[in-house]
Amino acid sequence: RDFTHLHDPLAMLAVIDRAIVETRPLHVAVELRGDLTAGATVVRPPTADRPANAQVCVAVDAERAIRTFLDRLAP
């Protein structure tokens, strides 16, 4: 691949400019009992029994993120 995912900088950029990401309220849990899935993150639509407990990023405006990132590095 000729790219890399910059998750930590993206989190920082989302705080600086919320329009960089699109989020949805979802229920996030960590699987603790599975033999093969222990530690896996499980993301599901919220229900009455499992209300939304996180805003999950579902889309990124990559061009805006890169531009903002570079502007912050060398203003």
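The questions below go through these topics in turn.

Guide: This is a predicted model, in which local features need pLDDT of at least 70 and side-chain atom pairs count only at pLDDT 80 or more, while totals for chains, interfaces and linings use all residues. Residues are numbered from 1 along each chain as its sequence is written, and side-chain values use heavy atoms, with hydrogens and water left out.

Visitor: Which element has the highest mean pLDDT?
Guide: pLDDT is the predictor's confidence in each residue, from 0 to 100, and its mean for the protein is 92. Elements are DSSP runs numbered from the N terminus: helices (H or I, at least four residues) and strands (E, at least two). Helix α2 (residues 62–73) has the lowest mean, 92, and the highest, 97, belongs to strand β1.

Visitor: In what order do the three strands form the open sheet?
Guide: Two strands pair if DSSP finds at least two bridges between them. β1 and β2 pair in the antiparallel sense over four bridges, with A29 opposite V42 in β2. The pairing in the sheet is antiparallel, and the order is β2-β1-β3. The edge strands, each pairing on one side only, are β2 and β3.

Visitor: Is R33 buried or exposed?
Guide: R33 is found in the loop between β1 and β2. Buried means under 20% relative accessible area, exposed over 50%, and partly exposed in between (1.4 Å probe, protein chains only). With a relative accessible area of 77%, R33 is exposed.

Visitor: What separates the C-alpha atoms of R33 and R64?
Guide: R33 and R64 are 31 residues apart along the chain. Their C-alpha atoms are separated by 40 Å.
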